[in-house]
Amino acid sequence: MISFSSIQPTFAAQPPTTSAADTSRLFHHQVSFPSPPHHHRQHYPPARRHGLRVRAMDAAQPYDYEAHLINRVNQSTKLKIAVVGFGNFGQFLAKAFVRQGHTVYAHSRSNYLSVAESIGATFFSDLHDLCEQHPDVILICTSIISTESVLRSLPLQRLRRNTLFVDVLSVKEFPKNIFLQVLPSHFDILCAHPMFGPESGKHSWQTLPFVFDKVRIGDEDSRLARVENFLDIFRKEGCRMVEMTCAEHDKYAAGSQFITHTMGRILEKLHLDSTPINTKGYETLLDLVENTASDSFDLYYGLFMYNENAMEQLERLDLAFEALKKELFGHLHDVLRKQLFGKSEEGAVRRPVLGKLPKKGTPFLSPGHPQSETLGNEKE
């Protein structure tokens with residue numbers, strides 16, 4: 001017979017989160033029974049000869065440290081991003097931010113409350129209320145021509161002193177200079193440009209270029225980690241990350257983006273229509289018109305006004321068109337003269353035509369200049 005007076009309570013090692021109630025239950029339920037007399041002893045397995053132990057089934061489970069640490073790491077990489085300028089492009093980027101688990105605040109002159117709620121963002125009609133949320137990142141998604149006025153309207157005193165400012169404008173030298181002029185030195189600055197938009201990136205951002213320049217980033221570990229966490233948003237979407245200076249970006253963009261938009265708007269003026277016999281090349285032109293015409297004229301004007309390289313590209317484009325007409329009319333003139341005069345002019349020297357444009361940076365010559373007729377015919 002078991003004497004309960006001889007029962008000694010045995011306490012199991014408690015996990016860090018064991019409550020007083022759990023300890024009380026273990027005191028009553030976790031007990032050790034002494035071994036029975038020798039003549040009643042059964043052949044128990046070796047592990048049970050020292051007594052029968054009863055464990056409460058409702059004891060607290062061990063704390064999952066690994067899951068807790070993983071959760072803490074994930075939370076440390078999440079950002080609070082304020083999108084200032086919540087138009088078409090701002091909404092396009094905000095969807096990716098929310099999809100990756102970041103908190104998104106939005107502000108715009110127009111009321112996009114319902115749009116923000118539909119994608120999981122919070123809309124603020126007042127910039128003071130937005131800044132009092134202390135976002136980690138202020139993302140400027142306004143038009144180029146309104147950037148300075150919007151930046152100066154921000155209540156900077158309501159932000160944390162090391163807030164990261166990012167722009168995603170299509171020109172880079174202009175916002176860089178405005179940021180450096182307006183923002184106190186304790187704010188971080190990242191100038192960036194996703195080289196795609198809601199149309200070209202609507203299916204995937206995979207391999208699409210994302211250009212960035214770390215203009216001014218503090219040397220604290222937290223600030224260095226924050227800018228990398230922001231760039232990781234685009235890395236995770238599969239973007240091709242391209243780090244270059246703002247000046248380099250504007251030089252390349254004038255020769256690619258500005259020319260692309262210019263040609264698209266010229267073709268738009270022609271009112272091109274689809275036909276039953278479209279070629280692949282013609283389909284490409286129609287796509288170009290659709291992609292560029294969907295952007296506002298303010299964007300195109302900003303590409304011209306705020307990129308000092310744009311004027312040179314316009315001049316080169318104009319010169320190229322005149323050279324092409326000159327070459328066409330030159331050939332037509334030769335054909336007509338041959339029909340009129342027959343073999344009497346065989347062997348005559350054809351007047352030179354402009355074969356190639358001068359290299360970038362070469363001064364343009366006036367039409368009356370002695371070398372203007374032969375410019376570009378020389379071998380490089």
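**The whole chain first**

Show everything: of the contacts (heavy atoms within 4.5 Å) in the protein with a separation of 6 or more, 67% are between residues 24 or more positions apart. What you're looking at is a predicted model, where local features need pLDDT of at least 70, side-chain atom pairs count only at pLDDT 80 or more, and totals for chains, interfaces and linings use all residues. Residues are numbered from 1 along each chain as its sequence is written, and side-chain values use heavy atoms, with hydrogens and water left out.

Switch to cartoon view and you have twelve helices and ten strands; these are DSSP runs numbered from the N terminus, with helices being H or I of at least four residues and strands E of at least two. Of the 380 residues, 35% are buried (under 20% relative accessible area, with exposed meaning over 50% and partly exposed in between, using a 1.4 Å probe and protein chains only).

**Select 246-269**

This is helix 9. Its 24 residues should span 34 Å at 1.5 Å a residue, and the end C-alpha atoms, 32 Å apart, agree with that (the expected span is 1.5 Å times one less than the number of residues). Where does helix 9 bend? Zoom in on Ala253, where the bend is about 50° (the angle between axes fitted to the seven residues ending there and the seven starting there).

Ala253 is also one of the buried residues of helix 9, which include Phe258 and His261. The partners of those buried residues include helix 7 (173-182), strand 8 (188-194) and helix 12 (310-341).

Now helix 10 comes in, packed against helix 9 at about 105° with the axes 8 Å apart (axes are lines fitted to C-alpha atoms, for helices over the stretch in contact, and angles run from 0 to 180 degrees between N-to-C directions). That makes the two helices roughly perpendicular, a label for 65 to 115 degrees.

**Two histidines to finish**

Click His271, in the loop between helix 9 and helix 10. Its phi is positive, about 55°, although His271 is not a glycine. With a relative accessible area of 65%, His271 is exposed.

Then jump to His134, in the loop between helix 5 (127-131) and strand 6 (137-140). The phi of His134 is positive too, near 50°, and at 31% relative accessibility His134 counts as partly exposed.

Definitions and conventions. Parallel < 35°, antiparallel > 145°, perpendicular 65-115°, else oblique.
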